[in-house]
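Here is a short briefing on one protein model. Look at the structure first, then read through the points by topic.

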Amino acid sequence: MKPLVWITRQLPEESISPLREIAEVKMWSSADQPMPAEELKQAAGEADAMWVMISDQITREVIEVAPKLKIIANLAVGYNNIDIKAAKEKGVIVTNTPDVLTGTTADLAFALMLATARRIPEAEREVRNGKWTGWSVNQLTGMDIHGATLGVVGMGRIGEAVARRGMGFDMRILYHNRTRKPEAEEKYGFEYAELDTLLKESDFVVLLTPLTPETKGLIGKSEIALMKNSAILINVARGGVVDEQALYEALLNKEIWAAGLDVFETEPVPTDHPLLTLPNVVVLPHIGSASIRTRNNMMAKNTESIAACLQGKEIKNPVK
Ligand code: 8YV
């Protein structure tokens, strides 16, 4: 009997066809709505392999009702949606999709820097809404990126890619990370800073830490208070890294200048969320890795990981 692979979203057939040759593949019927918790548990109960998204909560409860499960392949680099400890205890391998999305996500961080600093969505809305009625010296004036100080919080692969893009804009680069990166300091001139110093000195603070118990609410009221009134906060990591209420109040009271957010505590973000009422916030629907090529590469990685596991071959991206 062929092993069973459960995929929790409807995906393009060509991306998963290699799996059909070695396994029975079941796919959830919706391309954009997650499986309800009960269905997810039932799927886990019969699967040898699961292909999941960050919107699937793979809790201990799900893992414990999965007697045959060998691998959970997460279509993302972050894996805060999976109880890694429970998976380890049950001997279930977890994989993610690093590297292939690094440049794409770094590009989007920069897109948000440009969009917030130069007020691009606001400017576009004015043109479309007939508000471009003339020229004035302070019309839609924003902030410069070139020559500014960029503070990267979380200097992993994506953090470093953002920092290197900053070099092209003649920025001074500060970074904060659990461990220092002496090679990057030497090679690119990045400067290590404690979080307080980084927040005080940066014009752009870009968050790229994974969401863990240690980073939950990392940027709260007192951290935002350290930032310059002219500073811009960019979050392309996870919503939970920022205290959204504190951020809303700081933006409303002009304690910081703007924010660019690709991620939220609750996704999709509710349309009545207070942050969405502010003109100095640019919001995106968690599209950090959403380029055609990168999404194809991410799917190829998941296919490869599951196939390797089911065929007893070496698995390339296990989460340690
Ligand atoms: C994914 C992400 O696009 O990789 C991650 O951790 O947040 C994004 O790149 C998204 O999670 C799709 O699964």
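Gly239 is partly exposed, because 17 other C-beta atoms lie within 10 Å. The cut-offs are these: a residue is buried if 20 or more other C-beta atoms lie within 10 Å of its own, exposed if 12 or fewer, and partly exposed in between, with C-beta atoms placed from the backbone. Residues are numbered from 1 along each chain as its sequence is written. This is a predicted model: local features need pLDDT of at least 70, side-chain atom pairs count only at pLDDT 80 or more, and totals for chains, interfaces and linings use all residues.

**Around Gly239**

- Gly239 sits in the loop between strand 10 (232-235) and helix 11. Helices (H or I, at least four residues) and strands (E, at least two) are DSSP runs, numbered from the N terminus.
- Not counting residues up to four places away in sequence, Gly239 touches Glu244, Val263, Phe264, Glu265 and Glu267. Two residues are in contact if their C-beta atoms, placed from the backbone, lie within 7 Å.
- Gly239 and Asp262 are 23 residues apart in sequence, and their C-alpha atoms are 8.3 Å apart in space.

**The whole chain**

- The protein chain has twelve helices and twelve strands.
- Its radius of gyration is 21 Å, close to the 20 Å that the globule rule gives for 320 residues, so the chain is as compact as a globular protein of that length. The radius is taken over C-alpha atoms, and the rule is 2.2 Å times the number of residues to the power 0.38.
- Along the principal axes, the C-alpha atoms of the chain fill a box of roughly 70 × 50 × 30 Å.
- Of the 320 residues in the chain, 41% are buried.
- Take the contacts between residues at least 6 apart in sequence: 60% of them join residues at least 24 apart.

**Domains and annotations**

- The chain is divided into domain 1 (4-98 + 292-310) and domain 2 (102-283). These bounds come from an automatic or database domain assignment.
- The centres of domain 1 and domain 2, taken over C-alpha atoms, are separated by 31 Å.
- Four residues of domain 1 are in contact with five residues of domain 2. The side of domain 1 that touches domain 2 has one nonpolar, three polar and no charged residues. Here Ala, Val, Leu, Ile, Met, Phe, Trp, Tyr, Cys and Pro count as nonpolar, Asp, Glu, Lys and Arg as charged, and the others, Gly among them, as polar.
- An unreviewed UniProt entry places "domain: D-isomer specific 2-hydroxyacid dehydrogenase catalytic" at residues 6-320. UniProt positions are given in the numbering used here, feature names are shortened, and annotations may be inferred rather than shown by experiment.
- The UniProt annotation "domain: D-isomer specific 2-hydroxyacid dehydrogenase NAD-binding", also from an unreviewed entry, covers residues 110-288. Residues 110-288 are 32% helix and 15% strand, and their end C-alpha atoms lie 11 Å apart.

**The ligand**

- Which residues surround the ligand? They are Met53, Ile54, Leu75, Ala76, Val77, Gly78, Leu101, Thr105, Gly288 and Ser289. A residue is near a molecule if its C-beta atom, placed from the backbone, lies within 6 Å of it.
- This shell divides into six nonpolar, four polar and no charged residues.

**Two buried residues**

- Asp56 lies in the loop between strand 3 (49-52) and helix 3 (60-64). Asp56 counts as buried because it has 24 C-beta neighbours inside 10 Å.
- Leaving aside neighbours within four places in sequence, Asp56 is in contact with Thr8, Pro34, Met35, Leu40 and Asn81.
- Ile173 lies in strand 7. Ile173 counts as buried, with 24 C-beta neighbours inside 10 Å.
- Beyond neighbours within four places in sequence, the contacts of Ile173 include Leu150, Val152, Ala163 and Phe190.

**Backbone points to find**

- The peptide bond from Glu267 to Pro268 is cis, with omega near -5°. Pro268 is in the loop between strand 11 (258-261) and strand 12 (281-283).
- Asp170 is not a glycine, yet its phi is positive, near 55°. Is Asp170 buried or exposed? Asp170 counts as exposed, with 11 C-beta neighbours inside 10 Å.
- Lys254 is not a glycine either, and has a positive phi of about 55°. Lys254 lies in the loop between helix 11 (244-252) and strand 11.
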